[in-house]
Structures are given as C-alpha cells and as structure tokens.
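Reader: Got a model here I'd like to walk through. Can we keep it quick and start with the terms?

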Amino acid sequence: MILTFVVLWVSRAPHRLAPALAIVRGTAQLAIISLILGTVITSAVWVSLALLVMFTVASVTAARRITWSWRHLALVSGAMGAGIAITLTIVFTTRAIAFTPRYALAIGGIVIGNAMTIATLSGRRFTQSVNDHWEQVEGWLALGATPRQSTLGLARNAIYSALIPATDQTKTTGLVTLPGAFVGAIFGGASPLEAGAFQITVLASVMAAGSITAVVVIRALAPTRIRPGELG
C-alpha cells in the first residue's frame with residue numbers, strides 16, 4: 001500500500017491516495033464479510049441477500065463511473081441484471097456447476113464484479129468516444145442519419161474495448177495467470193481437472209454476462225442528439 005502511494009506521489013498523479021484507501025477499505029470489507037460468510041454460507045436466504053447487496057453496490061458504482069443519474073442507475077442495473085440472470089440460469093440448469101448456496105455465492109460474486117467492470121468500461125468508453133468525435137456525429141445527423149446511426153461505429157468499438165480485459169484474461173489463463181477460482185478450488189481439495197473445469201465455466205460466464213451487459217448499456221446510450229457531459 002505504501003509502495004503504491006509513493007510511486008503515485010513521486011509521479012504527481014491525481015488522486016494518489018485513492019488506491020491506498022481502496023486497499024484499506026477492501027481489507028475492512030473482506031474482514032467483515034469473512035466473519036459473516038463463515039456462518040451463513042450454507043443458507044440460501046442469507047446467500048441471496050449477500051448477492052443482492054453485491055449487485056446493488058456494483059450497480060451504483062458503475063452508474064457513478066459512467067456519470068451519475070437515476071436513469072443511468074436503472075440502465076446499468078437492467079443491463080447487468082439481464083446478463084447475470086441469463087448466464088447463471090444456463091450454468092445452473094445445465095449443471096455445469098452445482099446449484100448450491102456455496103457455489104451460487106462464489107460464481108455469482110465473480111460474475112457480478114466483472115459485469116460491473118464491463119458496464120463501467122463500455123459506458124465510459126462510449127461517452128468519451130462521442131465527446132472526442134462529436135463533430136463527426138453532428139455531421140452524420142446533419143446528413144439525415146438517425147441518432148443511433150450517427151454513433152453506430154463508436155458504439156461497436158466501445159463494446160469491443162470494454163471486453164478486452166476479460167478476453168485477454170480468458171485467453172491467457174494458465175499461461176500468464178492462475179485465476180483465483182482455479183487456485184481456490186485446488187486448495188479446497190478439487191483435482192486440477194475439476195478446478196480447470198470450474199474455472200473455464202467461470203470465465204465463459206464472465207464473457208457471456210459481460211457481453212450482454214455491454215451491448216445493453218451501449219444500445220441504450222447510443223441514440224443521442226446532445227453531446228454527453230464530461231466524465232466524472
């Protein structure tokens with residue numbers, strides 16, 4: 001944490017305390033959640049409540065990053081909810097992963113976190129692209145294009161850009177990194193083959209939920225006649 005702060009302080013980066021404070025906050029939150037989950041991880045009701053809290057915090061966080069408004073909160077919640085619900089329904093109904101409170105919490109938390117990141121990246125990327133190419137967008141509108149047509153190329157590129165981190169993580173798994181789900185499954189007593197099957201299911205779920213989330217977010221933001229405000 002100190003190293004992070006010193007490096008950013010020397011480089012005079014803005015908000016240099018933010019990463020250090022995030023570490024402190026994350027430590028406190030994990031300490032609390034570890035104590036709670038130790039007693040409720042087998043309860044379907046409490047696990048459902050935990051996932052609801054995760055989803056709510058993720059939606060608010062993504063909406064704030066895109067530029068806060070109740071409309072953006074509703075948009076992000078709907079997009080993430082659709083992606084997560086469709087993906088996890090497929091995972092559990094096909095029995096790729098057993099539908100138990102323990103596994104629902106594990107994969108649900110991972111998918112929610114990644115959907116939040118992808119929603120943020122897609123929304124910010126699209127908003128920034130429209131700002132940077134506003135003259136081009138206005139030109140298309142002046143030529144008679146619909147608001148959606150005028151930002152079509154920017155929208156498609158924003159979806160692609162938002163999925164780059166998840167795509168790179170998936171295609172380099174086992175070569176560059178050993179993901180947490182894989183390592184955790186092995187530490188929990190699973191064989192490497194079982195852990196690998198669990199991990200690839202998680203990665204595929206992240207990609208599916210993220211793709212749906214990004215497409216829904218961008219399709220809702222794309223039709224615009226007014227230049228978006230500056231990113232927060």
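This is a predicted model: local features need pLDDT of at least 70, side-chain atom pairs count only at pLDDT 80 or more; totals for chains, interfaces and linings use all residues.

Reader: Which residues are buried in helix α6?

Author: W134, V137 and L141. The helix covers residues 134–142.

Reader: Why do they line one face?

Author: Looking down the axis of α6, the buried residues fall within an arc of 60 degrees, so they line one face of the helix. The arc is that of the directions from the helix axis to the C-beta atoms.

Reader: What's on the face turned away?

Author: The exposed residues E135 and A142.

Reader: What covers the buried residues of α6?

Author: The cover includes α5 (101–132), α7 (147–150) and α8 (152–171). Cover here goes by contact, meaning heavy atoms within 4.5 Å.

Reader: And what follows α6?

Author: G144, with a positive phi near 105 degrees.

Reader: Zooming out. How many helices and strands?

Author: 10 helices and 0 strands. The C-alpha atoms fill a box of roughly 65 × 50 × 35 Å along the principal axes. Of the 232 residues, 34% are buried.

Reader: What share of the contacts joins residues at least 24 apart?

Author: 73%, among contacts between residues at least 6 apart in sequence.

Reader: What about the largest nonpolar core? Which members touch the most others?

Author: M80, I84, F92, I107 and F126, out of 48 residues in that core. α2 (18–40), α3, α4 (70–93), α5, α6, α8 and α10 (192–221) each supply at least two residues. α5 gives the most, with 10 residues. A nonpolar core is a set of buried Ala, Val, Leu, Ile, Met, Phe, Trp, Tyr and Cys residues joined through side-chain atoms within 4.5 Å.

Reader: Take I84. What does it touch?

Author: F55, V111, I112, A115 and A209, leaving out residues up to four places away in sequence.

Reader: Where does T213 lie?

Author: In helix α10. T213 is also buried, at 0% relative accessible area. Setting aside neighbours within four places, T213 is in contact with A79, M80, G83, A115 and A119.

Reader: How many salt bridges in the whole structure?

Author: 1. D168 pairs with K171, and the closest N and O atoms are 3.6 Å apart. A salt bridge is a side-chain nitrogen of Lys or Arg within 4 Å of a carboxyl oxygen of Asp or Glu.

Reader: How many residues apart are D168 and K171?

Author: 3, in helix α8, so about one helical turn separates D168 and K171. In general, an α-helix has 3.6 residues a turn, so residues three or four places apart point the same way.

Reader: Last topic, the surface. Which residues make the nonpolar patch?

Author: V45, W46, L49, L52, V53 and V57, over about 600 Å². Patches are made of residues with over 30% relative accessible area and no salt bridge: like charges are joined within 9 Å, nonpolar side chains (Val, Leu, Ile, Met, Phe, Trp, Tyr) within 5 Å. Areas come from the Shrake-Rupley method with a 1.4 Å probe, and for residues only the protein chains shown count as cover.

Reader: Where is V57?

Author: In helix α3, residues 44–67. V57 is partly exposed, at 46% relative accessibility.

Definitions and conventions. Residues are numbered from 1 along each chain as its sequence is written. Side-chain values use heavy atoms; hydrogens and water are left out. Helices (H or I, at least four residues) and strands (E, at least two) are DSSP runs, numbered from the N terminus. Buried means under 20% relative accessible area, exposed over 50%, partly exposed in between (1.4 Å probe, protein chains only).
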